[in-house]
Amino acid sequence: MTKGGRHHRLLNEVVDALRDFLDDEAAVEAIRRRIADELPDVLYIFRADALIVRRILATATQLLREVNEDGDHDLRSEYESFFRNYLDRLKKSRRFARRIEAAKDQLLDRPELAQLVERLWQGLREAVETDAAADAPRLGRRVSALVADLAGGLRARPALRVEIDRGLTEAVARLASDQKPALSAFVSEQVKSWDFRQLTLLIEASVGRDLQFIRFNGMIVGGLAGLALYLIGSMLV
C-alpha cells in the first residue's frame, strides 16, 4: 500500500471524492436538512441552517483545495504519520494484529453485510442480464474495448508481461501447495466415481491418438518379428 506513495494517491482520490460530494446539490441539501433537524426552532426561523451549511462548505472546500494543491500540507503529514504508525503496529504488535483480525471477522459475520452483498450481486446480475438481452449491449462493447486496451498495453510493455507471468506462476504455485491435500482428495473422489466405460472414454479422448500409434507400431513390429521367425525356421529346416 505504501510502495511508491500509493497511500498518498489514495488520499488524493478521497479528497477528490469529497469535493465532488460537496459540489452535489442533493448532498448539500441533505446536510442542510440534517443540521436543521438539530437546531432549535427559533434558529430555523432565521434560516440559520443555511448560514451554517455555507460556512461548513466554505471551510471544507477551502481545506480540501489546500490539501490537493499543497504536497507538504499539515494534513498530509498527519496522514503519513498515522499510516506509518499503523503499519508499524500491525507488523510488530501481535495483539494489535489479532484485534484487526477479530474486527475483520466480526464485520464479515454481520448478517447486514451478507444481505448487502447479496443485494449488490442480485443487482449486478440483473443489470448484466438486461444489458446482454438488449439489441445493442453497452456492457459488451465496454468489456471488448477494455480487453483491447489491456492487450495493447501489454503488447507495448514486455517487462509488464514478464512481471505478470512471474506473479501468476508464483500465485498458482502457492495455491497448489496450500491446497494440495484438498486437490488430491478431490481428484481421488472424482476418479472413484467414474465407471469403467467413462474411464475408457476419458483415456481415449486424452491419449487415444497416442494409443493408435502404439497399436499400429505394435502390429508392424509383431508382423516383422513373426516373419523373421518364420524365415529363420524355414532356413533351419
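A search of the whole structure finds 3 salt bridges, a salt bridge being a side-chain nitrogen of Lys or Arg within 4 Å of a carboxyl oxygen of Asp or Glu. The model is predicted: local features need pLDDT of at least 70, side-chain atom pairs count only at pLDDT 80 or more, and totals for chains, interfaces and linings use all residues. Residues are numbered from 1 along each chain as its sequence is written, and side-chain values use heavy atoms, with hydrogens and water left out.

**View 1. Salt bridge between Glu80 and Arg84.** The side chains of Glu80 and Arg84 meet at 2.8 Å, N to O. Both residues belong to helix 5, and because they are 4 residues apart, about one helical turn separates them. Helices are DSSP runs (H or I, at least four residues) numbered from the N terminus.

**View 2. Packing of helix 5 with helix 6.** Helix 5 (residues 74-92) and helix 6 (residues 94-109) pack at an angle of about 100°, their axes lying 5 Å apart. Axes are lines fitted to C-alpha atoms over the stretch in contact, and angles run from 0 to 180 degrees between N-to-C directions. Helix 5 is thus roughly perpendicular to helix 6 (a term for angles of 65 to 115 degrees). Tyr86, Arg89, Leu90 and Lys92 of helix 5 make the contact (heavy atoms within 4.5 Å) with Arg94, Phe96, Ala97, Arg99 and Ile100 of helix 6. By class, this contact has 5 nonpolar, no polar and 4 charged residues; Ala, Val, Leu, Ile, Met, Phe, Trp, Tyr, Cys and Pro count as nonpolar, Asp, Glu, Lys and Arg as charged, and the others, Gly among them, as polar.

**View 3. Packing of helix 8 with helix 9.** The axes of helix 8 and helix 9 are 5 Å apart, at an angle of about 105°. That makes helix 8 roughly perpendicular to helix 9. Helix 8 contributes Leu154, Arg155 and Ala156 to the contact, and helix 9 contributes Pro158, Leu160, Arg161 and Ile164. These residues divide into 5 nonpolar, no polar and 2 charged.

**View 4. Nonpolar patch on the surface.** Trp121, Leu124, Val128, Leu139, Val143 and Val147 form the patch, with about 530 Å² of accessible area together (Shrake-Rupley method, 1.4 Å probe; for residues, only the protein chains shown count as cover). Such a patch joins nonpolar side chains (Val, Leu, Ile, Met, Phe, Trp, Tyr) within 5 Å, from residues with over 30% relative accessible area and no salt bridge. Helix 7 (111-133) and helix 8 (138-156) each give two or more residues to the patch. Leu139 lies in helix 8.

Methods
Parallel < 35°, antiparallel > 145°, perpendicular 65-115°, else oblique. Patch = residues over 30% accessible without salt bridge, like charges linked within 9 Å, V, L, I, M, F, W, Y side chains within 5 Å.
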